[in-house]
Amino acid sequence: MSRVLGMVWLTFREVWAKKITLGLFVVCTILWMLMAFALNLDIVEGSLTGVRLFGQDTGAPTETRQDEAGNSVTEALSLETFVVTIQAAVAGVGYWVATLLGLFAVAALLPSVLDRGHADVLFSKPMTRLSILSGHVLGVAAVGLLLASYLFGLIFLVMSLKTGYWNFRFLLSIPIVVSMLLVMYGVMVLLAVRTGSSALCLIVTYGLIVASLVFLGHEQLRAQINPPWRSVFVGLYHILPNFAEVTEPVAKLAGIDAVTRWYPYISSLIFGACMYVLAAISLVRRDF
Amino acid sequence: MSHAPQAAFQVSQLTKVYNRGFRKEGVRALESLDLHVAPGEIFGLLGPNGAGKTTLVKILLGLVKPSGGTATLLGHSVSDARARERVGYLPENHRFPGFLTGGEMLQLYGQLAGVSHRDRQRRVPELLDLVSMGRWRDTRIKQYSKGMMQRVGIAQAMISDPDVIFLDEPTDGVDPVGRKDIRDILLHLNGLGKTVFINSHLLSEIEQVCTRVAIMNHGRLAKEGTVSGLTSEASNYRLRCGRIPASIVSDWRLVEDAAEETDDQRTYTAAELELDRLNTLIDILRANNVMISAVERDRQSLEDYFIQVVGRESTP
Ligand SMILES: Nc1ncnc2c1ncn2[C@@H]1O[C@H](COP(=O)(O)OP(=O)(O)OP(=O)(O)O)[C@@H](O)[C@H]1O
Ligand SMILES: [Mg+2]
């Protein structure tokens, strides 16, 4: 176990030495400071009387719902509903920010481990190749967890302290963000093992994220595509990671509505698992 | 009771073909290689560039998969990670993470090799002092010179107190004093009963420390034996004597060293003679009334021998 921890330490040491942690820390801090300044709430005795966004008075937020008689009524939004709605939106944005930043931060790590000259020493140690890879991925997971906890944790603190309403469901975003970061990192691991190029890792991974934006409209698109290509499109939709679609469960988990569709998340997890299995097979077979 | 000593490592019929993508023919780096190194030896492997020396070491360390044959290291198959438990390795062209300090690097590799925290605290400063790098312990590796990298690299190979150490070109980039230091370290390790395996181009180095050497060429073992055994197989002799008749000089392809000519004494060199042929030559000279005052064996250096073996092999 101590040996695997050695790999975790190496990952942290590299992230630290390359000032990546510093960069992430600064970006996250700026983000939550913007949040703190932008959102100014007037709270009088526990109820919301006004919201100022970037200094603009938006008045007290309202919600429209149906009363028992079926007439729509507009009334002042409760503080809880307001906080939770905002937090759901923030979780969705945070999911993108944390994953994109995180992936960028870790893209060069594995190519550096597999670099000829360094890999020779590492893989000559009395550890299996799989335990070295596991230690590395564990290190990346830990980096991702720290990043997500810092970003989400601070935003959570700021909003909760300001409103006095503690919506702990917001923190459920953290494990989802970390797991999606690892899913996308699986692509990087496979490419790094096969090619050793960190540029390629970034291009393909970000490419898949952009492609997943197209899949947001997969239901409408499917109808417009001609039959032979339609099945290709549907196949790709199921095979490739549905990164963009996962924004919805992340937001809903933090908000009021229950999550209705876990499929994009689960199919992404399966995709990620396949990437790691393929990467492990390539790594074990490879000559250094 | 006597039984064959357990090998430090042993390879038999070892073959490696590197694939080079589709359609291209693979590179045959090793061809049915047999080699046995006993515990406690300092074994030197020589060979021209591309002979397959590094490939052999990498197969033993599990870095490269053999295409055929078997290889065992300290009694374990090389595909088993446990085989590397008591082994140290300094690769050629190594690049340790530049962001680590020398001390951190040794700590890390010690931890990965399964050295306990307590032992690491003790061994890291000890080893850095052994390779004269104690002062540089807290400096980042990216600021080291080439020879300094090589020194900490050797310390790295010794961190787990291994029984077998593989050094691929250990003196590459090291100054003469450093080379002497490294030779002393190797002899010291050997004194502790460790097996040392060196790949090198620096033949003089191998000659000075190795108990046994092998010469490899085109993935095959060309010669194997002790340094003195290999270099004395056929020797050059220097004869100090009176003038030798021209017919004998040309028959025996003797070379006269004009610089050492005096009134009645000449010096001739006879190249690559076995002992019995030398004696035949002496008989002939005596029959021709040539006065002989000295016969010296001109011991070949390993380098001459190397060039002779490798040169001969590469001419078709
Ligand atoms: N990873 C690899 N992929 C393809 N071919 C390789 C690889 N590594 C080595 N080779 C080839 O195998 C042969 C033997 O190489 P090797 O590195 O074992 O030689 P060497 O004896 O160590 O040479 P040098 O003295 O230059 O270090 C060479 O022809 C080389 O091109
Ligand atoms: Mg080599």
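Modeller: Let us begin with domains, whose bounds come from an automatic or database domain assignment. For chain B that assignment gives domain 1 (9-228) and domain 2 (233-298). Please note that this is a predicted model, in which local features need pLDDT of at least 70 and side-chain atom pairs count only at pLDDT 80 or more, while totals for chains, interfaces and linings use all residues. Residues are numbered from 1 along each chain as its sequence is written, chains are lettered from A and ligands numbered from 1 in the order in which they are written, and side-chain values use heavy atoms, with hydrogens and water left out.

Colleague: What separates the centres of domain 1 of chain B and domain 2 of chain B, taken over C-alpha atoms?

Modeller: The two centres in chain B are 45 Å apart, taken over C-alpha atoms.

Colleague: How should I read helix packing?

Modeller: Two packed helices are described by the angle between their axes and the distance between the axes. Axes are lines fitted to C-alpha atoms, for helices over the stretch in contact, and angles run from 0 to 180 degrees between N-to-C directions. Helices (H or I, at least four residues) and strands (E, at least two) are DSSP runs, numbered from the N terminus. In chain A, helix H6 (residues 129-163) packs with helix H12 (residues 263-285) at an angle of about 135°, their axes 9 Å apart.

Colleague: Why is H6(A) called oblique to H12(A)?

Modeller: The angle of about 135° makes H6(A) oblique to H12(A), because angles under 35 degrees count as roughly parallel, over 145 as roughly antiparallel, 65 to 115 as roughly perpendicular and the rest as oblique.

Colleague: Which residues of H6(A) and H12(A) meet?

Modeller: Contact means heavy atoms within 4.5 Å. Arg129(A), Leu130(A), Leu133(A) and Val137(A) of H6(A) meet Tyr276(A), Ala280(A), Leu283(A), Val284(A) and Arg285(A) of H12(A).

Colleague: And chain B?

Modeller: Helix H2 (residues 102-112) of chain B packs with helix H3 (residues 117-130) of chain B at about 130°, with axes 10 Å apart.

Colleague: How are aromatic pairs read?

Modeller: A pair of aromatic rings is described by the distance of the centres and the angle of the planes. Rings of Phe, Tyr and Trp (its six-membered ring) pair if their centres lie within 6.5 Å; planes under 30 degrees apart count as stacked, over 60 as edge-to-face and the rest as tilted. The count comes to 19 aromatic pairs over all chains. One of them, Phe123(A) with Phe288(A), is stacked, at 4.6 Å centre to centre and 15° between the planes. Phe123(A) lies in the loop between helix H5 (119-122) and H6 of chain A, and Phe288(A) in the segment after H12 of chain A, 165 residues apart.
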